[in-house]
Amino acid sequence: MALGVWPGYSPDNVQSIDVVTRKEHYTLLREQGGWVVRLAGAGTDVPPVPADATRIEGLLAAIAHNRPTQNVDQAQGGDAANLGFDDPAVRILVKPSSNELREVQYTLGHETPTGAALYAHSSLAPDTVFLLDASVLHQFDKPSEHYFDARLLDVRGEDAQHLTLSSANGVQWELDRKDEQFLFLKPEAMRSTTVSSSEVRLYLHNLTALTADVILTKPEQQPAGKPVCVIEVQVQKSTTPQRVELYPPLDAEQVYGRSTRHPLGFYLDRDKAKSLVRQAYDMQWRGVIAFDSAQVEGARVYSVSGNQTLLVEKTPAGWEDREHGRKLPGIDMTLWRLKELRFEAEPVSRLGYPAAQRLVLDLLGRDGKVLSSFTFFTDPRLPADQCWLKVGSEEMYYPVTSQLLEDVQGFMPPHAPVKAP
């Protein structure tokens, strides 16, 4: 019955969708760069908000899948005021992109006396009043914000060629992709250091997936001042980078920002904003340790605090503490965590009081020769979840997570009970 007068269109066949609710009026418009949301009354110099194409597809699907199942004589419903068509709950005008398809306006009016249905109207059947299930109204009267694409940038992380982060003091770090590896361009002192591919991939993933909590739509909503953090991403075959700016204070509950995609600005949750502010050392490969796991046949652990020594060796059945007759299945995981260990801040060349040595871990080869040696220190000046690590005889101390120290201490045998005299 309603197929001809209540047509459903796919997004590919639509040029614009004009939506009027009791609260606002906006248009979903297909432009060369994709779908946008234009608010009624906005000046011609006010840029539209990028739209989420999947949500527009959802609106068109809701129209197509919720066609009226019956119609009533207009005389039964009364005049337009009684039906609600002069002040509708929502009015949707769909303009197709082809002249071969018909433009259609859908109008949803008042509820029927029972509250089970809505009076509905199609411009393709001007003399007919339809009934539409009242439960579907929420699919049509969405606010404009529902269609906003709140992503800060429209770029894929794998397409990034150049990445820069600047503060109020200038460029903090600058990376450039060569083949599949990023290299430091700035700071100069880090040109010879290795960039952590996993850190860059994670950063780009977070940056490109991050969404604003509030999108601003009016020029007068923008605060004054200069950004304290600027991130630029340049993709392959492009000469103009996409840009994200964050403004002070960064510790506010909501941080104001702007981007190429949202020039009128947005607000980000504080934790989201802080996740974008990274230091150069965050992006460098921060591996502390390098050793060949296949060569490790044993380990010696000395606990300073407990004045205990643990000697473990690798057997066909796994790792064993033969002195105490214990199997230690967690050693392989500990070795893996040791190789994956990263320093959490810049290392230092000296330690002073109140840093204190807590544990020494020696990795042993087949002949009992020490392959690598690691010394752990605790220090109340460090964050609660960190400790210092010294590798071999190198006079350099790296702040690392203390989880590994706790894991290794957990392998120590329990103290023998003191016998009564």
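**Nonpolar cores, strand pairing and the main pocket**

In this predicted model, the largest nonpolar core comprises 65 residues, and those with the most contacts inside it are I17, F140 and I231; a nonpolar core is a set of buried Ala, Val, Leu, Ile, Met, Phe, Trp, Tyr and Cys residues joined through side-chain atoms within 4.5 Å, where buried means under 20% relative accessible area, exposed over 50% and partly exposed in between, with a 1.4 Å probe and protein chains only. The largest share of this core, five residues, is contributed by helix 1 (residues 53-65), helices (H or I, at least four residues) and strands (E, at least two) being DSSP runs numbered from the N terminus. Apart from this core lies another, of 30 residues, which includes A299, L341, F376 and Y398. In soluble globular proteins, nonpolar side chains tend to be buried together. Residues are numbered from 1 along each chain as its sequence is written, and side-chain values use heavy atoms, with hydrogens and water left out. Since the model is predicted, local features need pLDDT of at least 70 and side-chain atom pairs count only at pLDDT 80 or more, whereas totals for chains, interfaces and linings use all residues.

Leaving aside neighbours within four places in sequence, F140 is in contact (heavy atoms within 4.5 Å) with V19, L59, A62, I63, N66, V90, I92, L108 and L132. L137, which lies in the loop between strand 9 (129-133) and strand 10 (160-167), touches A89, V90, L108 and L118 when residues up to four places away in sequence are not counted. L137 and A89 are 48 residues apart in sequence, and their C-alpha atoms are 8.3 Å apart in space.

Strand 14 (residues 229-235) and strand 15 (residues 242-246) pair in the antiparallel sense over five bridges, two strands being paired if DSSP finds at least two bridges between them. E232 stands opposite R243 in strand 15. The two strands form a hairpin with six residues between them, and K237 in the turn has a positive phi of about 65°. Strand 15 is also joined, by three bridges and in antiparallel fashion, to strand 16 (residues 254-259), where R258 stands opposite E245. Four of the five residues of strand 15 are buried, so this strand is largely enclosed by the rest of the structure.

An open sheet of eight strands has the order 21-20-19-18-22-23-24-25, with antiparallel pairing. Strand 21 (326-327) and strand 25 (397-401) stand at its edges, each with a single partner strand, so one side of each is left without a neighbour in the sheet. Within the sheet, three bridges join strand 19 (residues 308-315) to strand 20 in antiparallel orientation, and T315 stands opposite G318 in strand 20.

The buried residues of helix 7 (residues 331-340) are I331, T334, L335 and L338. They cover an arc of only 100° around the axis, which puts them on the same side of helix 7; the arc is that of the directions from the helix axis to the C-beta atoms. What covers these buried residues includes strand 20 (318-321), strand 22 (356-364), strand 23 (370-378) and helix 8 (403-409).

The largest pocket has a volume of about 280 Å³ and is lined by 16 residues, of which G33, W35, V36, P50 and R261 lie nearest its centre. On a 1 Å grid over the protein atoms alone, a pocket is an open set of points where a 1.4 Å probe fits, with protein on both sides within 12 Å along at least five of seven lines, and lining residues have an atom within 4 Å of a point; grid points are joined across faces, edges and corners, and a volume is the space filled by probe spheres set on the points. Strand 3 (34-39) and strand 4 (49-50) each supply at least two residues of the lining, with strand 3 giving the most, three residues.
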